[in-house]
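Here is a short briefing on one model. Please look over the sequence and the structure before reading on.

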Amino acid sequence: MSEKKIKNIFVNGPIEPDFIADSIAKHNSKTAIGGHSIFMGQVRKDEIEGKFVAAIAYTAYEDLALEKMHQIREEIFDKYPLNCMHIYHSLGTVKTGEICLFVFTSSAHRKPAMAACSEVVDRLKAELPIWGKEIFEDETHQWKENI
Amino acid sequence: MEIELISFGKIAEFINNQNIELDGIADTDAFKQYLENQFPALKSMKYKLALNKNIVQENTEITNSATIAIMPPFSGG
């Protein structure tokens with residue numbers, strides 16, 4: 001494990017559009033950057049057996065998730081020439097239409113930012129111990145499973 | 001020896017976090033057998049263990065005061 005500080009990625013509740021706008025604005029002074037790539041995950045109103053998803057409640061094994069995210073972050077920085085990378089994931093309840101994941105990568109030219117963003121999202125979904133419980137409009141639930 | 005058991009996701013709906021006294025269980029393979037005997041619902045589920053915050057990839061020795069997490073398939077993002 002490197003000496004770099006392990007960053008928190010978790011946000012309670014939805015990730016607000018204002019927070020995302022603010023995060024973009026903070027890059028004004030980083031003039032070496034020529035391309036940003038952003039992925040936002042939004043809670044989808046899936047229909048399952050006639051019932052609609054109203055929200056997803058997220059829980060995580062936080063310590064392990066943050067350690068794993070740190071490791072992924074280091075590997076992505078080693079692989080791509082990035083200027084910066086920011087990752088936020090919701091915990092707790094996020095309603096349909098709200099944002100639950102925000103990944104933001106930046107580089108001098110666009111391609112590393114785009115490839116890194118995509119790879120981070122894939123790895124995060126496969127490797128981080130986070131669980132989403134889909135809560136239906138009638139308050140029953142089922143547990144999501146990433147394929 | 002005593003271990004701390006923690007569980008997540010749908011597994012947390014039927015296995016509470018608890019401290020358990022284990023005798024004669026030396027490694028994670030034996031522990032899985034123990035768990036599936038105690039909680040038969042696990043037999044038909046996919047799950048992974050984490051021993052002291054390390055995801056168990058191969059059979060690993062368990063020592064006293066270990067923390068073992070039972071984790072169903074991940075569904076973040």
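The points below cover the fold of one chain and then one helix of another. The model is predicted. Chain B has one helix and five strands. In chain A, helix H3 covers residues 110–127.

**Chain B: fold and dimensions**

- Along the sequence, the elements of chain B run β-β-α-β-β-β.
- The radius of gyration of chain B is 12 Å, close to the 11 Å that the globule rule gives for 77 residues, so chain B is as compact as a globular protein of that length.
- Along the principal axes, the C-alpha atoms of chain B fill a box of roughly 35 × 25 × 20 Å.

**Chain B: burial and contacts**

- Of the 77 residues in chain B, 30% are buried.
- Take the contacts in chain B between residues at least 6 apart in sequence: 56% of them join residues at least 24 apart.

**Chain A: helix H3**

- H3(A) has 18 residues, which at 1.5 Å a residue should span 26 Å; its end C-alpha atoms are 26 Å apart, so the two values agree.
- The buried residues of H3(A) are A:Pro112, A:Ala113, A:Ala116, A:Cys117, A:Val120 and A:Leu124.
- Seen down the helix axis, these buried residues fall within an arc of 130°, so they line one face of H3(A).
- An α-helix has 3.6 residues a turn, so residues three or four places apart point the same way.
- A:Lys111 and A:Asp122 are exposed on the other side of H3(A).
- The cover over the buried residues of H3(A) includes helix H2 (62–79) of chain A, together with strands E2 (35–42), E5 (82–95) and E6 (99–107) of that chain.

Notes: Residues are numbered from 1 along each chain as its sequence is written. Chains are lettered from A and ligands numbered from 1 in the order in which they are written. This is a predicted model: local features need pLDDT of at least 70, side-chain atom pairs count only at pLDDT 80 or more; totals for chains, interfaces and linings use all residues. Helices (H or I, at least four residues) and strands (E, at least two) are DSSP runs, numbered from the N terminus. The radius of gyration is taken over C-alpha atoms; the globule rule is 2.2 Å times the number of residues to the power 0.38. A residue is buried if 20 or more other C-beta atoms lie within 10 Å of its own, exposed if 12 or fewer, and partly exposed in between; C-beta atoms are placed from the backbone. Two residues are in contact if their C-beta atoms, placed from the backbone, lie within 7 Å. The expected span of a helix is 1.5 Å times one less than its number of residues. The arc is that of the directions from the helix axis to the C-beta atoms.
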